[in-house]
Amino acid sequence: METPFVHRLPAAVARTARVRIVSAIGPTVMAAGVIWAILQPYRVTLLHPRGQGAWWLLIEPPLLVIAVGIVFAVLVARPLVSDLEEHDAAAR
Amino acid sequence: MLPHAEMVHWAFAAGILLVGLCLLCEAIVGEEVWQLRPWRKYLWPGLAFGLGVLLWPVMAFFTNSSIHMYAHGSWAEVLMLAGGAELGLVRGRLRSPLWRLTWPVAFVVTGTAFIVHEQNPWLFARSAFLHHLLGWTFVIAAIFPLLLVWRPRSAVLQACFALTIVTVSVMLFADRDVAPIFGHLSPLAGSPHR
């Protein structure tokens, strides 16, 4: 009897999943920082900079999270996804 | 002139988050793809080593007690040792996989220092709670880098190691100098600010 269900994930689908996960990590981290800034706007000193010291303006946790997400997405994830796709294409 | 202690925690949390994300990606794509670009294999070990170097100014400037200096100094040493050993391994200068034992050692030393240098009980304030939690997290999670010495290609262990680092960064981001924890704040801790 034939069944329409696929019992094993084809290798190509697994590869695509890896590309998607790696591509999603940076934006997820950025989104976490944005949501944090919306939930706790008083943690973002740039929104009320008057009278704040230099350290309060430099180190703002939600903005640091967003910055890490951007740095990771641009400098790490983007070239890594490109390498992963090339590697997978060569393996096929 | 000096930043508040909580700001130093947040700045280190950002660096640690970047290390954790790199480790997580390496676990997902595998060592072969991760090392396709030569610079990438030095990325997270270099970041870890750099964070170790940056812990020295923390030791030098945050001298509110001797035990804080010992704790920060020991973190600086073990983080530089583990990061340096990893750099040596990826470069090929070090060959024995036993050098990776520097990571569980770093975790245990870091965890013990966190627990020992926090003099207040868990519910004294949020910072006390997080120091205890961070300490026990490091001590218990040392099992992951320890097992990785013998199973270096295990994606599950690599992911657990990476997620431990990401969790540590989340805890550091949650740190405040004076803030309640689960509604508890000792009157001895001082008055909370925003």
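Start with chains A and B shown together: about 2600 Å² is buried between chain B and chain A, and carbon and sulfur atoms account for 76% of that area. Buried area here is the accessible area (1.4 Å probe) that two parts lose on being put together, summed over both. The model is predicted, so local features need pLDDT of at least 70 and side-chain atom pairs count only at pLDDT 80 or more, while totals for chains, interfaces and linings use all residues. Residues are numbered from 1 along each chain as its sequence is written, chains are lettered from A and ligands numbered from 1 in the order in which they are written, and side-chain values use heavy atoms, with hydrogens and water left out.

**The interface**

Select the residues of chain B that touch chain A. There are 29 of them, in contact with 28 residues of chain A; contact means heavy atoms within 4.5 Å. Across this interface the rule finds four residue pairs in polar contact, both residues at pLDDT 80 or more. A polar contact is a pair of N or O atoms within 3.5 Å; within protein, one must be able to donate a hydrogen and the other to accept it, and residues adjacent in sequence count only if both atoms are side-chain atoms.

Now colour chain B by element. Helix H1 (5-29), helix H2 (31-34) and helix H3 (38-41) of chain B each give two or more residues to the side that touches chain A. The largest share, 13 residues, comes from H1(B). Helices (H or I, at least four residues) and strands (E, at least two) are DSSP runs, numbered from the N terminus. By residue class, this side of chain B divides into 21 nonpolar, two polar and six charged. Ala, Val, Leu, Ile, Met, Phe, Trp, Tyr, Cys and Pro count as nonpolar, Asp, Glu, Lys and Arg as charged, and the others, Gly among them, as polar.

**Salt bridges**

A salt bridge is a side-chain nitrogen of Lys or Arg within 4 Å of a carboxyl oxygen of Asp or Glu. The count over all chains is six, and two are found across the interface of chain B and chain A.

Select Asp83(A) and Arg40(B), which form a salt bridge with the closest N and O atoms 2.6 Å apart. Asp83(A) lies in helix H3 (residues 61-91) of chain A and Arg40(B) in helix H3 of chain B, so the pair joins two chains. Asp83(A) is buried at a relative accessible area of 6%, and Arg40(B) is buried at 0%. Buried means under 20% relative accessible area, exposed over 50%, partly exposed in between (1.4 Å probe, protein chains only).

Within chain B, go to Glu6(B) and Arg176(B), a salt bridge of 3.1 Å between the closest N and O atoms. Glu6(B) is in helix H1 and Arg176(B) in the segment after H9, 170 residues apart. Both Glu6(B) and Arg176(B) are buried.

Next, Arg100(B) and Glu86(B) meet in a salt bridge at 2.9 Å, N to O. Arg100(B) is partly exposed at 24% relative accessibility, whereas Glu86(B) is buried at 5%.

**Helix H8 of chain B**

Select Pro145(B), Leu148(B) and Val149(B), which are buried in H8(B). They cover an arc of only 110 degrees around the axis, which puts them on the same side of H8(B). The buried residues of H8(B) pack against helix H6 (102-117), helix H7 (126-141) and H9 of chain B.

End at Ser154(B), in the loop between helix H8 (143-150) and helix H9 (155-173). Its side chain reaches the backbone nitrogen of Leu157(B) at 3.2 Å.

Note on methods
Arc of directions from axis to C-beta.
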